[in-house]
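Have a look at the sequence and structure first.

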Amino acid sequence: MEHRDTFETLDPEDWEHMRRLAHRVVDDALDYIHDARERPAWRPVPADVAGRLEQAAPHGPSNPADVYEEFKRDILPYPMNTTHPRFWAWYMGSGTVMGALSELLAATLNPNLGGGNHVAPLVEKQVIGWVRDMVGFPASSSGLLTSGGSMANFTALTVARNANAGCDVRRMGVGAAPGPLTAYASTEVHSCNQKAIETLGLGSGGLRLIPASDDFTLDLAALRRQVDADRAAGCVPFCVIATAGTINTGAIDDMNAIADFCSSEGLWFHVDGAIGAVAILAENVRDQLAGMERADSIALDLHKWMHIPFEAGCVIVRDSAAHRDAFALVPEYLQREADGGGMASGSLWFSDYGLQLTRQFRALKVWMSVKEHGLDRFGRMMARNVEQAAYLGRLVEAEEQLELTAPIGLDIVCFRFNPGGLDTGSLNRLNQDLLVALQESGVAAPSYTTLKGAYCLRVAISNHRSRFEDFDVLVKEVLGIGRDLARTPPL
Ligand SMILES: Cc1ncc(COP(=O)(O)O)c(C=O)c1O
């Protein structure tokens, strides 16, 4: 063992040096966000950088400033680039400066949000209360901040399964249910729900995918037929998952109709609102979400359209006792002193409401961002994205060689370049090549989907930095690349 004269810890050896470095880090971070528009919307990771990122862990220390230089050389230039005003891929958020600063502060305090008597759980409780009020759930509901929509859906579906299984699932397992447990959603439901149902032991067939209507929403008549058929076959329908903003096209299921159906059939009404639930804040979306407040549970993402830095999801459950019953397990080393004071007192243990014991202080970035901006500004950002989607739709419709491939839902626009005279396969390949060329140009970063066999570009805006002009740039670039590709015969 190396002999040391000083007491070794993981704190800086030279605090002044670290302080100067920290100031540089903060300055660079602010520049990075401020100058987002100056960088390409995407650039691939070069091979030499990827190679260095495969090296084994060092056994000895490095100067912190050198580590930071390595970060600047190998990591900073090649992000996913969600901060860019023309980043419109998958469905992301674009982050906030306050969110970034609060991540630093959360890590500085480094609390564990499993439970205990300290201030951080009170912050999470307050944030959950804000979300609960926002989506119109009663004060008696419970909630949990999660890593994202996937865990929020998983948490809610666990509660739904346990509440409606017709047996004590925690003690006896799903095999003790009076029949196979079945949940229902449209074919447009996000795949994380399928994963959740499989993980809950119900098998992939435990999620009945009901063909979506032409507008990509859940077809209620088909839902009713499937539930009737399943009951007749001895299954135990337990839940309908409605989507508030589908990943493909932003479609919003008819919440009131599904709420009526669930209450008449005794089914749990769950809403996957990962994309669209927060748009209750946007005056040009709010009405489309009517009935969402009647759900038994709702999963939503704050790291998508609310732009809180990843990860930040939330689940709200109307029946807080059912929620707690699904997860609470209190071994002796986690016993609470109800009134005795001390660090273990208090009944606010978030580990009783989800799978995780140790949990990060993700509530802080939500708390600070919401306090900084106020909910109304978030709503205005979303409303503008919806207007921008309509604007892009008009640009597409005005061009003979562009066509919309789905109705525009929320802020998601699906379209393709179609020069005419190509069969489906060639047209799909042309649009695939176009998308890759567009992304590699660094001008804009949409993603893609395939709708009823048609491969298309998918612009999921969800970006508080996008300006209307950015969509003019996109259309010009798509037409330019598309025409070049259409002129170039395939190899
Ligand atoms: C409708 C919907 N549900 C759930 C998810 C999963 O959420 P997360 O990626 O935050 O886990 C997504 C992700 O895009 C989504 O669009």
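**Sheets and helix packing**

Strand β7 (residues 297-301) and β8 pair in the antiparallel sense, with five bridges between them; to pair, two strands need at least two bridges found by DSSP. Strands here are DSSP E runs of at least two residues and helices are H or I runs of at least four, all numbered from the N terminus. Keep in mind that this is a predicted model, where local features need pLDDT of at least 70 and side-chain atom pairs count only at pLDDT 80 or more, while totals for chains, interfaces and linings use all residues. Residues are numbered from 1 along each chain as its sequence is written, and side-chain values use heavy atoms, with hydrogens and water left out.

**The seven-strand sheet**

- The order in this open sheet of seven strands is β2-β8-β7-β6-β5-β3-β4, with mixed pairing.
- At the edges sit β2 and β4 (207-210), each pairing on one side only.
- From one strand to the next, the twist averages 20°.
- β8 also pairs with strand β2 (residues 142-146), running antiparallel to it over five bridges.
- Strand β6 (residues 268-273) runs parallel to β7, joined to it by four bridges, and V271 has I298 in β7 as its bridge partner.
- Helix α5 packs on this sheet and touches β2, β7 and β8, its direction making about 110° with that of β2; angles run from 0 to 180 degrees between N-to-C directions, with axes fitted as lines to C-alpha atoms, for helices over the stretch in contact.

**How covered is β8?**

- Strand β8 (residues 313-317) is mostly covered, with five of its five residues buried, where buried means under 20% relative accessible area, exposed over 50% and partly exposed in between (1.4 Å probe, protein chains only).
- Both faces are covered: G313, V315 and V317 are buried on one side, and C314 and I316 on the other.

**The five-strand sheet**

- Another open sheet has five strands in the order β1-β11-β12-β10-β9, again with mixed pairing.
- β1 (87-88) and β9 (402-404) are the edge strands with a single partner each, so one side of each has no neighbour in the sheet.
- β1 and strand β11 (residues 445-451) run parallel, joined by two bridges, and F87 is opposite A445 in β11.
- Helix α13 (residues 375-398) packs on the sheet, touching β9, β10 (412-417) and β12 (454-460), and its direction makes about 135° with that of β9.
- Helix α14 (residues 424-441) packs on the sheet too, touching β10, β11 and β12, at about 30° to the direction of β12.

**Helix against helix**

- Helix α5 (residues 119-134) packs against helix α12 (residues 363-373) at about 55°, with the axes 9 Å apart.
- α5 and α12 are therefore oblique to each other; under 35 degrees counts as roughly parallel, over 145 as roughly antiparallel, 65 to 115 as roughly perpendicular and the rest as oblique.
- Their crossing is left-handed, meaning that the near helix is turned anticlockwise from the far one by less than a right angle, with clockwise giving right-handed.
- In the contact (heavy atoms within 4.5 Å), V123, E124, Q126, V127 and W130 of α5 meet A363, V366, W367, V370 and K371 of α12.
- Those residues split into seven nonpolar, one polar and two charged; Ala, Val, Leu, Ile, Met, Phe, Trp, Tyr, Cys and Pro count as nonpolar, Asp, Glu, Lys and Arg as charged, and the others, Gly among them, as polar.
- Helix α9 (residues 220-232) and helix α10 (residues 255-265) cross at roughly 20°, their axes coming within 11 Å, and are therefore roughly parallel to each other.
- The crossing of α9 and α10 is right-handed.
- L220, L223, R224, V227 and R231 in α9 meet A257, I258, F261 and E265 in α10, giving six nonpolar, no polar and three charged residues.

**Two buried residues**

- I258 lies in helix α10 and is buried at 0% relative accessibility.
- Beyond its neighbours within four places in sequence, I258 touches L218, L220, V240, A242, D253 and F269.
- T82 is in the loop between α3 (64-74) and β1, and is buried with a relative accessible area of 16%.
- Not counting residues up to four places away in sequence, T82 is in contact with F87, M92, G93, S94, F310, N463 and R465.
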